[in-house]
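Hello,

Here is the structure you asked about. Please open it first, then read my notes below.

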Amino acid sequence: MTNNELQKLVEEVSLTSFHLPFKHQAIFNRRLKSTGGRYHLKDHHLDFNPLIVEQHGLAEFIKVIKHELCHYHLHLTKRGYKHQDQDFKQLLKKVDGSRFAPTVSTGKEKTYLCKKCGQKISRQRKIDTNRFVCGKCNGKLRLIA
Ligand SMILES: [Zn+2]
Ligand SMILES: [Zn+2]
C-alpha cells in the first residue's frame, strides 16, 4: 500500500465510520517499531506502521485506523481523546476499533536450519516446524536463532 492509498483509505474510513472528514495527513512510518499507529496532537497527522498491513492484513489495519481516528476526532472536537477517557472508550467500541494495536514482530528474524541438507532459512515470524519443511529437500526444520 502506498502513502496515497493510505491517505484515501483513512479518509474513507473516517467518512463511513465517523461521518466526519479526515482533513489532515496520514503517512506510513517504518520507524514506529511495535506501535500500530500514532496521532500527533500538534499538527493532527497520523502515522501508521506498514507492518500491520503486511503481517495482519487489511481488516486488522482498518481497526487500527479507527483507533487512531478516535484520538483524532475526539481531540479536534475537544472531547476526551485519551485511552482512559470515557468518550474514547465509547467511540472506539461504537466504530469497532482495536483497543490495542496488534503486535508486530520487528525483532530479529528467526533462522531455521534444515536437518537434512543444512539449508538456512530466515523468516520474520515464527513458523510451525511441524507443518513447514525445507523448500529444497522437504527436510525438517529446526530453529537455531
Ligand atoms: Zn491510542
Ligand atoms: Zn533441506
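Start with Asn-49. At 1% relative accessibility, Asn-49 counts as buried (buried means under 20% relative accessible area, exposed over 50%, partly exposed in between, with a 1.4 Å probe and protein chains only). This is a predicted model: local features need pLDDT of at least 70, side-chain atom pairs count only at pLDDT 80 or more, and totals for chains, interfaces and linings use all residues. Residues are numbered from 1 along each chain as its sequence is written, chains are lettered from A and ligands numbered from 1 in the order in which they are written, and side-chain values use heavy atoms, with hydrogens and water left out.

Asn-49 sits in the loop between strand E3 (46-48) and helix H2 (50-56). Helices (H or I, at least four residues) and strands (E, at least two) are DSSP runs, numbered from the N terminus.

Now the metal. Which residues are the protein donors of the zinc ion (ligand 2)? They are Cys-114 (SG), Cys-117 (SG), Cys-134 (SG) and Cys-137 (SG), 2.2 to 2.4 Å from the ion. Donors are N, O and S atoms within 2.8 Å of the metal (3.2 Å for Na, K and Ca); water is not among the atoms, so sites may look incomplete. Along the chain, the donors follow the spacing C-x2-C-x16-C-x2-C. Cys-114 lies in strand E4 (residues 110-114), and Cys-134 in the loop between strand E5 (120-123) and strand E6 (141-143), so this pair ties together parts 20 residues apart in sequence. Cys-114 is buried at 2% relative accessibility, and Cys-134 is buried at 1%.

Best wishes
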